[in-house]
Structure formats: C-alpha cells, structure tokens
Amino acid sequence: MTTTPTTTPTTAPVLRTDYQRAVAAYWDTHQHDDVNLRLGDVDGLYHHHYGIGAYDPSVLDGPRHSREQRITGELHRLESAQADLLLDHLGPVPPNARVLDAGSGRGGTSLMAHQRFGCRVDGVSISQYQVGFANAQAERRGVADQVRFHFRNMLDTGLAAASLRAVWTNETTMYVDLHEAFAEFARLLERGGRYVCVTGCSNDVTGGRSQAVSRIDSHYTCNIHPRSAYFAALAANGLVPIEVIDLTAQAIPYWELRARSALATGIEQSFLTAYTEGSFHYLLIAADRV
Ligand code: GPP
Ligand code: MG
C-alpha cells in the first residue's frame with residue numbers, strides 16, 4: 001500500500017464485518033475474470049462497471065475470426081463512455097484539486113479522471129489485490145505520484161475532512177450502508193464539493209426485490225438498494241441532488257451485446273430482465289455538499 005501525507009493511519013481494521021471480509025475475498029480471488037481483463041487489455045484502462053450507449057451493430061458482421069475482438073473493443077468503448085459520463089458530472093475540477101474514487105477497483109475511472117483533470121486522485125478499495133493491480137497501472141502510466149490507490153474502507157478512508165473537490169462511486173454503493181458511506185463522503189467534501197453516484201437500484205414502485213435483482217445480488221455478493229434509499233441517505237447527510245439521470249434505456253444495449261459475446265458470464269439475462277420489466281434502474285445522481 002502507498003502511504004501519503006494526507007491519509008492518516010487509522011487503528012481500526014480495514015475489514016470490520018463478516019460481510020466486508022466476504023466482499024474482499026470475492027474481489028481478491030477474482031483475478032482471472034476474462035470479461036474485465038480482456039476489455040481492459042484494449043487500452044490499459046481496467047473497469048469494473050458496465051457500459052452505456054448504442055453499440056455499433058457492424059461488430060457482429062465481418063470476418064468470424066476477428067468477431068470476438070470487435071465485440072470486446074465495442075464493450076470496452078461503452079464502459080469507457082460510462083466513465084466519461086460520470087466524469088462529465090463532477091463539475092469543474094482544477095489541477096490543484098483532489099478527488100476520491102470510492103471503491104476504485106482496478107483503477108480505470110481514476111486514471112481517466114487524472115487524464116482529464118490533471119488533478120490528484122485517490123482511490124480506495126477493500127481488495128488488496130485490486131489496490132496492487134491499480135497501483136501497478138498508475139506506475140505503468142507514469143502517474144503514480146498523482147494517482148494513488150489505498151487499501152482502505154470507503155466508510156472510513158482516513159483522508160482529511162473537507163479536503164476533496166469531488167467524490168464518486170462507480171457501481172460500488174451496493175456494497176455499503178448508504179448512510180455510513182454518505183456520512184463519510186460529506187465529511188470529506190469541501191462545501192460546494194460534488195458527489196456523483198452511478199448505480200443500479202431497485203424500483204420502489206414495483207414493490208419488493210424482483211427475482212432478477214436477487215440473482216444479481218447473489219452473483220456479485222452485493223445488496224442492491226431501493227431507489228428511495230439513495231435520496232433519503234443523501235438528504236440526511238447534507239448532499240443535495242442537482243441532477244438525476246435515468247440511464248436504464250442507455251444501459252440495455254451493452255447487455256444485449258455482451259450476451260452475444262464469448263465473454264458472457266451468465267448474469268446478462270438477469271440485467272436484461274430486470275431493466276426491461278422495470279424492477280431495476282440504472283441511475284446517475286450528482287449532488288452538492290452544502
Ligand atoms: C461490475 O463489476 C459491478 C459490480 C459487481 C457491482 C454491481 C453493480 C450493479 C449495477 C448491480 P465487474 O465489471 O467486475 O462485473 P463483470 O465481471 O460482470 O463485468
Ligand atoms: Mg465488467
């Protein structure tokens with residue numbers, strides 16, 4: 001782990017609950033996940049989130065021997081488009097600002113943020129494997145002095161209060177209690193700082209958790225929250241939404257293309273069912289710290 005002058009040592013262990021230990025074990029042992037490694041190999045940005053936007057149908061045509069390569073490139077393009085959209089909503093981030101990627105995975109979104117803003121980026125993850133992988137990517141790109149990944153819990157980052165211009169979570173809030181997470185993000189953000197959340201959430205209107213949503217939870221060892229829980233927890237923690245975008249329709253083509261790829265993992269149909277039946281939404285929420 002990289003230590004920095006702005007992360008203070010905490011005495012509390014990073015992993016505090018059996019659930020957190022199970023989640024860390026899941027990511028620590030997912031080291032040969034082809035769907036994420038093959039996509040990341042395209043340009044060295046390794047993501048752990050899904051894609052948005054229409055795919056180019058021509059990738060399904062043409063020579064058979066290069067079909068998978070075309071699909072892989074297209075899935076990766078859609079995942080990077082998702083990260084770009086998230087970064088579009090961080091507001092102005094000057095090069096001397098600091099930002100946090102809460103649940104930073106293999107580092108893709110953090111590296112894109114540094115590329116775009118030239119600012120200092122810290123990422124935290126409870127998977128030591130992911131932290132090591134992401135720091136190696138920052139080294140390879142020659143930005144390890146500006147983009148650093150830490151084995152830390154997003155609920156207790158050890159970063160200084162009011163030190164950050166922006167915080168984001170890119171499909172990671174389904175692993176945490178929203179009140180605990182948003183309390184920590186509110187502590188870290190300067191007044192007027194921006195929090196951006198991209199997440200899948202269940203639909204309060206259709207009632208309890210659908211079978212498709214339950215399958216997604218069990219596939220990833222996560223706990224998808226209802227839509228209402230996000231807005232209640234934001235409001236309770238001084239985070240005031242400025243924009244909410246329902247990305248559900250834009251999320252579907254990625255899953256349709258992925259279902260036709262040799263990299264499909266078996267969870268594709270659950271996302272397609274959940275999105276099309278309306279029991280699950282894919283949202284971007286941008287909120288300001290007041
Ligand atoms: C993708 O990770 C994201 C999660 C596991 C969190 C769950 C997200 C929801 C919107 C419910 P990944 O890129 O490692 O998944 P996969 O291996 O399936 O591509
Ligand atoms: Mg993935």
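Which residues in helix 3 meet Tyr-254, Leu-257 and Arg-258 in helix 9? Keep in mind, as you look for them, that this is a predicted model. On the helix 3 side you'll find Ile-71, Glu-74, Leu-75, Leu-78 and Glu-79. Sorted by class, this contact of helix 3 with helix 9 comes out as five nonpolar, no polar and three charged residues.

Now for the geometry of that pair. Two packed helices are described by the angle between their axes and the distance between the axes. Helix 3 covers residues 67–88 and helix 9 covers residues 248–259; their axes sit 10 Å apart, and the packing angle is about 160°. Angles over 145 degrees count as roughly antiparallel, so helix 3 is roughly antiparallel to helix 9. The two cross in a left-handed sense.

Helix 10 spans residues 268–277, and its axis comes within 9 Å of the axis of helix 9, with a crossing of roughly 155°. That angle makes helix 9 and helix 10 roughly antiparallel to each other, therefore, and the crossing is again a left-handed one. From helix 9, the residues in this contact are Thr-248, Ala-251, Ile-252, Trp-255, Glu-256, Arg-258 and Ala-259. They meet Glu-268, Phe-271, Leu-272, Tyr-275 and Thr-276 of helix 10. Here the class count is seven nonpolar, two polar and three charged residues.

Asn-36 puts a polar side-chain atom 2.8 Å from an oxygen atom of the ligand. For His-48, a polar side-chain atom lies 2.6 Å from a ligand oxygen atom.

One more helix pair is worth a visit. Helix 6 (residues 178–188) packs on helix 8 (residues 227–236) at an angle of about 40°, and their axes are 9 Å apart. With that angle, helix 6 and helix 8 are therefore oblique to each other. Helix 6 passes helix 8 in a right-handed crossing. Leu-178, His-179 and Phe-182 are what helix 6 brings to the contact, and from helix 8 they meet Ala-229, Tyr-230, Ala-232, Ala-233, Leu-234 and Ala-236.

Conventions. Residues numbered from 1 in each chain as written. Chains lettered and ligands numbered in written order. Predicted model: local features only at pLDDT ≥ 70, side-chain atom pairs only at ≥ 80, totals over all residues. Heavy atoms only, no water. Axes fitted to C-alpha atoms, helices over the stretch in contact; angles between N-to-C directions. Helix = DSSP H or I, 4+ residues; strand = E, 2+ residues; numbered from the N terminus. Parallel < 35°, antiparallel > 145°, perpendicular 65-115°, else oblique. Left-handed = near helix turned anticlockwise from the far one by under 90°. Contact = heavy atoms within 4.5 Å. Nonpolar A, V, L, I, M, F, W, Y, C, P; charged D, E, K, R; others polar. Polar contact = N/O pair within 3.5 Å; in protein donor to acceptor, adjacent residues only side chain to side chain.
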